[in-house]
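Open the model in your viewer and keep the selection tool at hand. The tour goes stop by stop, each with something to select and something to look for.

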Amino acid sequence: MAKEDTAALDEWPTADPSAIDGGEVARANEHRFRQEFGPAPFGLFVTSLAATQPNSYLAVNDAYCQLTGYPRRELAGADFLGDCHPDEQPVLEALIGKIMSGETRQIQANTRLICKNGEVACVRLTGSVIQPTGEEPYLAAYVEDITAAEQAQAELHQLERELLRSRRMDSLGQLVGGIAHDFNNMLTVITNYASLVRDEVTIAGATESATRWGPVRWDIEQIEEATDRAKRLIKHLLAYSQREQAQPAPVDVSRLINDVTGLLGEVLGEHVPVITRHGAGLWPVEADPGLLEQAIINIALNARDAMPAGGQVTIDTANVDTVSPGTASPASQREDAAELAELLPGRYVKICITDSGAGMDAITADRAFEPFFTTRPGDQAAGLGLPAVRRTAAQTGGKAWLRSEPGKGTTVTMMLPAAPGSATAWPTASHPGRVTEHAGAVLVVDDEAAIRDVAHRVLTSAGYRVTTAANGQEALRLLRDPATPADLVLTDVVMPGMTGKAFAAQAQQIRPGIRMMFMSGYEQQAASTESWPEPGTQVIAKPFSRAALLARVTQALAADIGTADTAQRAQPVRAEYH
């Protein structure tokens with residue numbers, strides 16, 4: 001408080017009550033206060049500390065009136081504490097109690113005022129006790145509006161929480177990437193041995209009693225279905241930790257939703273049943289299966305949170321041809337006309353996920369797809385679920401939007417382009433028969449003995465000659481030996497001692513032009529940039545099926561030696577989805 005201001009406050013009020021009556025004293029004091037402090041850019045108020053009328057306003061300046069929105073006539077004689085936020089009143093009352101008891105003569109506190117329009121203003125109070133000679137003491141306090149600073153501080157804290165959450169997600173992603181690598185190796189072994197046994201059982205069932213081998217074949221099919229579910233679970237984890245790259249492949253939407261519905265039953269709980277209604281003859285879509293499943297799960301989790309007392313989630317699918325609008329229902333066309341108008345003309349598969357929750361108002365619905373926006377309190381959510389849904393739809397060339405009204409639930413719609421040439425519905429899957437025998441020599445390099453063994457078994461059963469090595473150094477020694485046959489090298493990307501990339505460079509020096517193909521249980525982000533092969537190099541992702549491995553090996557060996565390197569670089573990097 002400036003020295004001249006303090007002196008002025010010490011003198012106010014100064015009128016001698018014996019010289020003029022009380023009314024004239026009050027008017028003189030108010031006039032002097034307005035002259036000296038009315039134009040001040042900061043708020044200032046004076047309250048009584050008299051036992052008969054504690055905390056009553058005696059005077060306020062213009063800035064304080066502007067801050068609170070109250071005119072002087074409404075503040076005159078009113079209780080100052082009544083204008084404070086209820087949560088702040090006990091603290092301020094205790095501080096004023098210390099002043100009245102003489103324990104302290106100054107006050108400084110950050111508090112909140114309730115303005116006339118109902119808004120909350122954050123302020124910093126700095127005040128002192130003024131004791132005029134022979135009169136009751138009063139409190140004079142400066143009021144600094146710190147609302148903007150408090151909001152900035154709150155935003156900073158929010159950014160810090162988001163950064164911490166992002167770091168936790170990154171740590172989780174690294175952990176999941178490592179677990180996925182080991183898990184994918186095990187799934188590769190299980191998948192391929194099950195496929196080999198199924199073929200043997202098929203042959204045995206054709207020559208012996210089908211009754212005897214039928215149950216065994218059914219057991220093997222259950223193992224294969226379990227490994228398929230495990231593959232999808234790994235993709236869920238990688239997508240959740242944001243380490244999954246988009247790997248588009250033709251997807252049967254009906255089958256994918258049926259698969260994910262089983263997982264939703266466990267995630268959502270018994271109080272939120274999931275109803276699915278599929279349109280007839282759905283076209284396949286070109287999308288990443290794992291990311292699409294994760295998008296559906298994100299929507300369902302948001303729906304669950306909107307129905308704490310229980311409810312229902314409904315998943316509807318349908319074909320939509322924007323060139324021939326008659327394929328969609330008239331009601332749907334009217335509701336989604338603006339969104340459909342933004343899509344390129346063509347065939348789409350529409351996925352609508354509807355909940356029976358509380359719904360959202362228009363303002364909340366407009367912000368629902370914003371990153372980090374959430375209506376959940378505190379740190380309960382990162383606000384990334386729906387943005388990921390929109391990103392997944394956009395990656396396919398489609399679009400995602402939502403409709404919601406308070407009390408009427410929410411519907412999130414994903415419109416995904418149909419796969420090229422999808423004139424008919426997805427064909428019924430079938431297991432491949434016994435593979436055709438091939439000619440050629442393959443060198444398999446992997447530090448996991450189980451992977452080497454199962455690759456050896458699969459490739460030799462198809463007629464290939466196979467040599468295995470446990471690491472890059474051992475493989476180089478084999479390649480230096482002219483007696484080692486090798487038309488193709490199938491090597492792991494990440495190995496101890498020497499990476500697959502470094503090994504491939506030395507292998508090309510020993511045997512120029514030799515074909516190379518990589519395999520990995522890691523996502524590209526999980527492996528270091530130095531160890532990952534050059535963009536465009538053939539990489540088959542673990543877990544791969546026997547059919548996928550044989551198809552890729554056959555393709556690599558079928559290329560002319562002179563164009564092998566070109567063919568490898570023309571092949572996109574992607575995982576097999578079977």
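**Stop 1: helix α8**

Select V253, S254, L256, I257, V260, T261, L264 and L268: these are the buried residues of α8. Keep in mind that the model is predicted. An α-helix has 3.6 residues a turn, so residues three or four places apart point the same way. Now show what these buried side chains pack against. The partners are β6 (249–251), β7 (274–277), β8 (285–287), α9 (289–305), β9 (313–321) and β10 (347–355).

Next, colour the whole of α8, residues 253–268. The helix has 16 residues and reaches 21 Å from its first C-alpha to its last. That is close to the 22 Å expected at 1.5 Å a residue. Where is the kink in α8 centred? Go to G262: the kink there is about 30 degrees.

At the start of α8, select D252 and S254. A side-chain oxygen of D252 comes to within 3.3 Å of the backbone nitrogen of S254. Just after α8, click on G269, where phi is positive, at about 95 degrees.

**Stop 2: L264 and the cores**

Return to L264 and show its surroundings. Leaving aside neighbours within four places in sequence, L264 is in contact with G269, V274, I296, I297, A300 and I315. L264 also belongs to the largest nonpolar core, which has 39 residues. Select L264, I296, V313, I315, I351, L402 and M414 together: these have the most contacts inside that core.

Which elements each supply at least two residues of this core? Colour α8, β8, α9, β9, β10, α13 (385–395), β11 (399–404) and β12 (410–417). Of the contributors, α9 gives the most, with seven residues.

**Stop 3: E293**

Stay with helix α9 and pick E293, which lies in it. Is E293 buried or exposed? E293 counts as buried because its relative accessible area is 2%, and the cut-off for buried is under 20%. Now draw a distance from the C-alpha of E293 to the C-alpha of V260. The two atoms are separated by 6.5 Å, although the residues are 33 apart along the chain. V260 is one of the buried residues of α8.

**Stop 4: the aromatic cluster**

The structure holds six aromatic pairs. A pair of aromatic rings is described by the distance of the centres and the angle of the planes. Start with F45 and F80. Their rings are stacked, 4.6 Å centre to centre, with 25 degrees between the planes. This pair links distant parts of the chain: F45 is in strand β1 (residues 43–48), and F80 is in the loop between α4 (72–75) and α5 (89–101), 35 residues apart. Both F45 and F80 are buried.

Show the four together: F45, Y57, Y64 and F80 form one aromatic cluster.

**Stop 5: two backbone details**

Most residues other than glycine have a negative phi, and most peptide bonds are trans. Two places to look at with that in mind follow.

Select N55, in the loop between β1 and β2 (57–60). Phi of N55 is near 70 degrees, a positive value in a residue other than glycine. N55 is buried, with a relative accessible area of 10%.

Then jump to P543, in the loop between β17 (539–541) and α17 (546–558). The peptide bond joining K542 and P543 is cis, with omega about 0 degrees.

**Stop 6: T484**

Which residues does T484 contact beyond its neighbours within four places in sequence? Select T467, L478 and R511. T484 itself sits in the loop between α15 (472–480) and β15 (488–492).

**Last stop: zoom out**

Show the whole protein as a cartoon. There are 18 helices and 17 strands. Of the 578 residues, 45% count as buried. Among contacts with a separation of 6 or more, 68% are between residues 24 or more positions apart.

Notes: Residues are numbered from 1 along each chain as its sequence is written. This is a predicted model: local features need pLDDT of at least 70, side-chain atom pairs count only at pLDDT 80 or more; totals for chains, interfaces and linings use all residues. Side-chain values use heavy atoms; hydrogens and water are left out. Rings of Phe, Tyr and Trp (its six-membered ring) pair if their centres lie within 6.5 Å; planes under 30 degrees apart count as stacked, over 60 as edge-to-face and the rest as tilted. Helices (H or I, at least four residues) and strands (E, at least two) are DSSP runs, numbered from the N terminus. Buried means under 20% relative accessible area, exposed over 50%, partly exposed in between (1.4 Å probe, protein chains only). The expected span of a helix is 1.5 Å times one less than its number of residues. The bend at a residue is the angle between axes fitted to the seven residues ending there and the seven starting there. Contact means heavy atoms within 4.5 Å. A polar contact is a pair of N or O atoms within 3.5 Å; within protein, one must be able to donate a hydrogen and the other to accept it, and residues adjacent in sequence count only if both atoms are side-chain atoms. A nonpolar core is a set of buried Ala, Val, Leu, Ile, Met, Phe, Trp, Tyr and Cys residues joined through side-chain atoms within 4.5 Å.
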